[in-house]
Amino acid sequence: MYTLYYLPGACSLAIHALINELGQEVKLENVSVPQGEPRSPEFLKVNPRGQVPVLVDGDLVLREGGAIINYLLDKHNSNMLPKSQPERAQSLEWLMFANATLHPAYARMFFINRIIKDENAKEEAINAGIEQINKLWAEVDQQLAKTKYTCGDQITGADILLTVIANWIGYLPKPVQLGDNTKRMLKEIINRPAFKKALSEEKIEYKAV
Ligand SMILES: N[C@@H](CCC(=O)N[C@@H](CS)C(=O)NCC(=O)O)C(=O)O
């Protein structure tokens, strides 16, 4: 059985939903602590960065979401990681887009109040950051105007992670714009039984669509 260290609604929700998609059993470890308090010493031993997701599979401990998604889909021979090229490379490109480009763009906005104290500088940084996020979602929307999912007719891990990130609206200082094609895909994914189960197990409401 897998163990997944998670924070409700965080990027770890994508791993949780994928484990459900794959029909695998998982022991869920919620690492939430009251605001301002450090993570538990037990969890910091598992991940000194104190971040989720962490997946434990026997002796293997993985601490990066993109690697965990790739590992799970590959191990279980899932169609959500295409077998042939160029689809496989494109699915990894979209996964990295979600994990390494869109996710950090959100993270910069989450911590802005802590980092910038000057109000004018903060306003400028927020406007620039939200504009960047809107541009990234516009890229997703342009792709989804052509294809059902980011990589064509087959849903991939990237689509699940994008669906999780889109729901972080409540943590942003200003609203972001999601296009109609994006909303269409999000609605479809949140109605998948595996995604619904993960939301309900983490007691998370989906508010992006
Ligand atoms: N590069 C890491 C980043 C993980 C990350 O930023 N996790 C966030 C949740 S989405 C987290 O644990 N935040 C709490 C914290 O940093 O203390 C990955 O993609 O797995």
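Guide: Picture a 1 Å grid over the protein atoms alone: a cavity is a set of points where a 1.4 Å probe fits but can't get out, while a pocket is an open set with protein on both sides within 12 Å along at least five of seven lines, and lining residues have an atom within 4 Å of a point. This is a predicted model, where local features need pLDDT of at least 70, side-chain atom pairs count only at pLDDT 80 or more, and totals for chains, interfaces and linings use all residues. Residues are numbered from 1 along each chain as its sequence is written, and side-chain values use heavy atoms, leaving out hydrogens and water.

Visitor: Which helices each supply at least two residues of the lining of the largest cavity?

Guide: Start with who is in that lining: Ile69, Asn70, Leu73, Met80, Leu81, Ser91, Leu92, Leu95, Thr156, Gly157 and Ala158. Helices here are DSSP runs (H or I, at least four residues), numbered from the N terminus. The ones giving at least two residues each are α3 (65-75), α4 (87-110) and α7 (157-166).

Visitor: Which domains each give at least three residues to that cavity lining?

Guide: Domain bounds come from an automatic or database assignment. At least three lining residues come from each of domain 1 (2-75) and domain 2 (87-191).

Visitor: Where does the largest pocket lie, and why?

Guide: Its lining has 37 residues, and Leu7, Ala10, Arg39, Phe110 and Phe111 are the ones nearest the centre. Both domains give residues to that lining, so the pocket lies between domain 1 (2-75) and domain 2 (87-191).

Visitor: Which helix gives the most to the largest pocket's lining?

Guide: Look for the helix that contributes four residues to the lining. That top contributor is α4.

Visitor: How far apart are the end C-alpha atoms of α4?

Guide: Expected span is 1.5 Å times one less than the number of residues. With 24 residues, α4 should span 34 Å, and the model agrees, because the ends are apart by 33 Å.

Visitor: Which residues of α4 are buried?

Guide: Buried means under 20% relative accessible area, exposed means over 50%, and partly exposed is in between (1.4 Å probe, protein chains only). In α4, the buried ones are Ser91, Trp94, Leu95, Phe97, Ala98, Asn99, Leu102, Ala105, Tyr106 and Met109.

Visitor: What is the relative accessible area of Lys148?

Guide: You'll find Lys148 in the loop between α6 (119-146) and α7. Lys148 counts as partly exposed, because its relative accessible area is 38%.

Visitor: How far apart in space are Lys148 and Asn77?

Guide: Along the sequence, Lys148 and Asn77 are 71 residues apart. In space, C-alpha to C-alpha, the distance between Lys148 and Asn77 is 22 Å.
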